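This briefing goes through one protein chain, residue by residue where that helps. Please keep the sequence and the 3D view open while reading.

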Amino acid sequence: MDDPIPDLLPESVRTPPVIPSCPICGRPLKGKQTVCCGKCRIERSRRREAKQRERDAKVRLLLTEALELLNEGKERGSSSDY
Ligand SMILES: [Zn+2]
């Protein structure tokens, strides 16, 4: 068979072993660490809280809007139904 087998498979070269890295600073992690140090752990929880707060604010805003719409519909509906 004249099937040329390349010495270097580019795809195998492009897939380096996955090294877990700190999501905060990007430094490589050891063992089962999820962040590299206490500083990054604090930063991670701070970011998580900020994200949560942001989401809560969004939900609250949407709920307020939804309630306003509901009230609008109710008022309009009750007046036209009556
Ligand atoms: Zn870190």
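R27 is partly exposed, because 13 other C-beta atoms lie within 10 Å. By definition, a residue is buried if 20 or more other C-beta atoms lie within 10 Å of its own, exposed if 12 or fewer, and partly exposed in between, with C-beta atoms placed from the backbone. The model is predicted, so local features need pLDDT of at least 70 and side-chain atom pairs count only at pLDDT 80 or more, while totals for chains, interfaces and linings use all residues. Residues are numbered from 1 along each chain as its sequence is written.

**The whole chain**
- The protein chain has two helices and zero strands; helices (H or I, at least four residues) and strands (E, at least two) are DSSP runs, numbered from the N terminus.
- Of its 82 residues, 0% count as buried.

**R27**
- R27 sits in the loop between α1 (10-14) and α2 (38-81).
- Apart from neighbours within four places in sequence, R27 is in contact with S21, C22 and C36; contact means that the two C-beta atoms, placed from the backbone, lie within 7 Å.
- From C-alpha to C-alpha, R27 and C37 are 9.8 Å apart, and they are ten residues apart in sequence.

**L29**
- L29 is also found in the loop between α1 and α2.
- L29 counts as partly exposed because it has 15 C-beta neighbours inside 10 Å.
- Leaving out neighbours within four places in sequence, the contacts of L29 are P20, S21, C22 and C36.
- L29 and I19 are ten residues apart in sequence, with 7.6 Å between their C-alpha atoms.

**P20**
- P20 belongs to the loop between α1 and α2.
- With 13 other C-beta atoms within 10 Å, P20 is partly exposed.
- P20 and V35 are 15 residues apart along the chain, and their C-alpha atoms are separated by 9.4 Å.
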